[in-house]
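Me: I am new to this structure and would like to go through it by question and answer. Please show it first.
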Amino acid sequence: MVVLKEEETLSLAEAAVNFAVKKGADEAEVFIYQGLTTAVAIERGQIAKSSRIIDQGLGVRAIVNSAAGFAYTNVLGDKGAIEETALKALKSAKASKPDNEWKGLPPKKPFQHVKNTFDKSVLKLSADDLVKIASTMLEAAEKTDKRVFPIEGGVGASYLSRAVANSNGVLGFDSGTVIECSLATIAREKGEVTPVCFEFNVERSYKVDPEWVGKEAARLAVSALKAKRIETKNMKVVLAHFALQQLLYYTLMNAVKADYVQRNQSAFQGKIGEKVASETVTIYDDGLLDGGLHTWKFDGEGVPQQKTLIIDKGVLRGFIYDNYTARKEGKESTGNASRAGYLSTPNVEPTNFHFIPGKKSPEELIGEIDEGLLVYSLQGAHSSNPASGEFSVVASPSWKIENGEIAHAARGVMLAGNVFQVIKNVSALANNERKIGPLVAPWILVENVKVIGK
Amino acid sequence: MIILISLPAEINPSNFVPWGINLKDILAKVVDTATQKFGAEYAEIRAQKLFKTMLTLKEERVEAAKEGIENGAALRVLVDGAWGFASVGTFNLETLTSALSDACKMAKAANSKLKTPIKLAKGKAFEDKVLAKPRKNPSQISIEDKIATTSAMAKTILSYDRRVKSCTIDYLDLVGTNHFMNNEGTYIEQDKLYVWSRITATAKEAEILTFSREEIGSTAGYEVFDIETPEIVGAKVAERAIDQLKAKTPKGGKFKAVLGPNVVGVFVHEAFGHLAEADLTLSGSVLMDKFGKKIASDIVTLYDDGTVEGAFGSFKYDDEGVPAQKTLLVKDGVVVGLMHNRETASKFNAQPTGNARAEDFRVEPIIRMRNTFMEPKDYSFEELVEDIKFGYYFKSFRGGQANLDGTFQVGIQEAYEIVKGEVGEPVRNASISGNTLETLRKVDAVGKDFELSPGRCGKGQTAFVCDGGPHIRVKEVIVGGSA
């Protein structure tokens, strides 16, 4: 396996920084990313595909006269190629215009300790082990019900590492592991096809339960059969994890980014200290969350990650910053500079966007609803108005709740509204917190959502 | 505009780069080793050298001008009916051989649980060299010029109206060469050339925030900015953001609608196209038992065409070495074709259609659309609108998504009311949804105009595509109103 060790990675990064400075950069920063993924894929009911992907590269950010230039390469074995990359970054910086708001790369600060982000046993998994995990999941789904067809899914184990160095003396290396298994299913009966139903586990440590994923993906698909149309009216809606993540990703998560706030693109601009959500809602951006999918010692520009209060019992308390947006306001970065591997400059992104869960079990939450809708997934959340938060999406799969119980699957249902109104109308959160992409949250109950049916 | 010209290799020796010659030998060795040493029944390798330039402008500030090099190879083998895949960022023979050994081991691990071995439709062998022939090669345009073009867009947008509050402009150009070889005698060197830009603006008045987006995409060359000039595109984006400030929100419910080419495109792509990707058809999409059957009204004819010159979804050979073609999917309302790779073509006893595409060397080819569109007929725009007492004109989309059960959703960024046969006031944040097959049956008039729009499609990987068609009228769609 082509894995660069910590010492090699750090010395490569430092050398490139020094070279850029020697060649005329006022400041320079190098980010090195490595990813190794072994995966097996399920397609149409069988495991017929397997892959191993090695991706590594280095990106250089050079500052000349308050203008930034960036270049990257995935040719790491060749000193010449790395130097050429540094020179390109310099050239790009010189081609750009000076930015009056540029106040320098981040200073050196001690990194934080993180827990449960690396697990050797994930690295030890062979292709055969992954095939075993995948077939456990597949068999569990198939055993559950004959009407279920597992359309796709898989198991993947990854090793990821990141290193950063800059001309202010920042120097860091961190590595971690991720394992995931997922299964998408449909159920078919008498000409009816259900929407795609999806279940998954993703963890930093080897703690996945493929049998549960398989069973649950199958159970969902079967329960999505015999779907009926429902009346158009305002009602209570329970957003399950995936639906909540889809809805918030393009709206609320953008609204708390300092970059959006400073550029007049956020509905939260000027609202710090104001009530923006229901009292049941408390959100942290927690870059240090135990075992979090986005937990690292430092962010994409070498700033220590931290836990930042965003909304406290409904009151807006803070935004997330990278170094550039923080300095613009005379503040400190919150460690939210994110990188797309070695291919990009830093961008403000949430780490683990954590909704503090409530006390009720999902059953209790449903049990208190006379009439409502349970929504597992949304279609078209990416077409929400990212600035205003207005959305109009298909809820699929979804289930009608009547008298405290799931009555039947619903089809052709749309939800319309505004995300910023939705968070004001949250009346309860369940206790079933899960990690999904950047979101860590339980099911949430929202009052008075416009549901468009028949 | 001529973009992809194919010349036999020996006619044009000046285009050989030294690493190209060595590379061909290396690829041949790897493919031979796959079949002879590791017992692969099929082996292919894709070696790519890609150069990218990217810019992000936030208002008039260039966030960072970015340039990058990506070298890498993708190896795919079929061993006893199961796929193995490996990707590495180098062309070094030793590393490639070790990646090949990985890929074969991976395939053997996978086939331990195989129920139905994978077979490939017969492929023809091609030897070809496909050169990009841009009038303006993006790699010859200086970074200063690219900054000037995008800055001019930003200037146009920000000076359009004081209520425009921000704009973000992303620019990407990608040039490079793809070397494809398989063990059946195909060897293709094919240039890649893409120029793309996404331009967004927000406007604000009182508590109303609006958002507008346009995309530019071409495989022709940097000359795309001669037609889509910064001034034209900038004004279009800014105007839409401003117009929406005074727009009303739509009523929810079922309405008659006229869809513009841009919305027809995303509907054809999302609502129908994905269901006709043979891998998704086999996965149980609602088209599974509809082949040869009528699913749409008589006036609906749909194509997926990889051969439209300069279009964002065009190429000469796909990533399995199969020539791109114009594929008829629906003829006069009847499903007559699906989009195939070699694996699904074998399952359906059909010919591969050249739809196997991989975003880059990090991923394997999967079935993707190219340029997908509805064929125009004979209605003028006025004729489409004149009989509608009340309905909506959906002109431009924000995003769309489909499900295998045939439910689609398309979010709309520009819409108008139609009142008494005329286009009326603007409407904001509408979306339409419905069941694809029901909606295709409700298409009751098809216009005579035609337009393709570039876009990007996500299916695990990103593919550059176009979609479009004429204006059409639909008897009924579900309009999701705002709360």
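Me: In β17(B), which residue is the bridge partner of B:Tyr393?
Reply: This is a predicted model, in which local features need pLDDT of at least 70, side-chain atom pairs count only at pLDDT 80 or more, and totals for chains, interfaces and linings use all residues. Residues are numbered from 1 along each chain as its sequence is written, while chains are lettered from A and ligands numbered from 1 in the order in which they are written. Strands are DSSP runs of E with at least two residues and helices are runs of H or I with at least four, numbered from the N terminus. In β17(B), B:Tyr393 has as its bridge partner B:Tyr416.

Me: How many bridges join β16(B) to β17(B)?
Reply: Two strands pair if DSSP finds at least two bridges between them. β16(B) and β17(B) form a hairpin with 4 residues between them, and B:Gly406 in the turn has a positive phi of about 90°. The two strands run antiparallel, and the number of bridges joining them is 11.

Me: How many of the 13 residues of β16 of chain B are buried?
Reply: A residue is buried if 20 or more other C-beta atoms lie within 10 Å of its own, exposed if 12 or fewer, and partly exposed in between, with C-beta atoms placed from the backbone. Strand β16 of chain B covers residues 390-402 and is mostly covered. Its buried residues number 11.

Me: Which residue in the turn between β17(B) and β18(B) has a positive phi?
Reply: Strand β17 (residues 407-419) of chain B and strand β18 (residues 422-427) of chain B run antiparallel and are joined by 4 bridges. B:Ile418 stands opposite B:Val423 in β18(B). The hairpin of β17(B) and β18(B) has 2 residues between the strands, and the turn residue with a positive phi, about 45°, is B:Lys420.

Me: What are the edge strands of the open sheet of 6 strands in chain B?
Reply: The strand order in this sheet is β12-β11-β10-β15-β22-β21, with mixed pairing. β21(B) and strand β22 (residues 461-469) of chain B run antiparallel and are joined by 9 bridges, and B:Ser453 stands opposite B:Asp467 in β22(B). An edge strand pairs on one side only; here these are β12 (334-335) and β21 (451-459) of chain B.

Me: Why does the radius of gyration of chain B agree with a compact globule?
Reply: The radius of gyration is taken over C-alpha atoms, and the globule rule is 2.2 Å times the number of residues to the power 0.38. The C-alpha atoms of chain B fill a box of roughly 75 × 55 × 40 Å along the principal axes, and 59% of its 483 residues count as buried. Because a compact globule with 483 residues would have a radius of gyration near 23 Å, chain B agrees with its value of 24 Å.

Me: Which residue in β3(B) is the bridge partner of A:Ala71?
Reply: β3(A) and strand β3 (residues 61-79) of chain B pair in the parallel sense over 5 bridges. In β3(B), the partner of A:Ala71 is B:Glu67.

Me: How far apart do the C-alpha centres of domain 1 and domain 2 of chain A lie?
Reply: The bounds come from an automatic or database domain assignment. For chain A, this assignment gives domain 1 (6-223) and domain 2 (233-452). Their contact takes 40 residues from domain 1 and 31 residues from domain 2. The C-alpha centres lie apart by 23 Å.

Me: How many residues of helix α6 of chain A are buried?
Reply: Helix α6 (residues 241-249) of chain A is mostly covered. Among its buried residues are A:His241, A:Ala243 and A:Tyr249.

Technical notes
Two residues are in contact if their C-beta atoms, placed from the backbone, lie within 7 Å.
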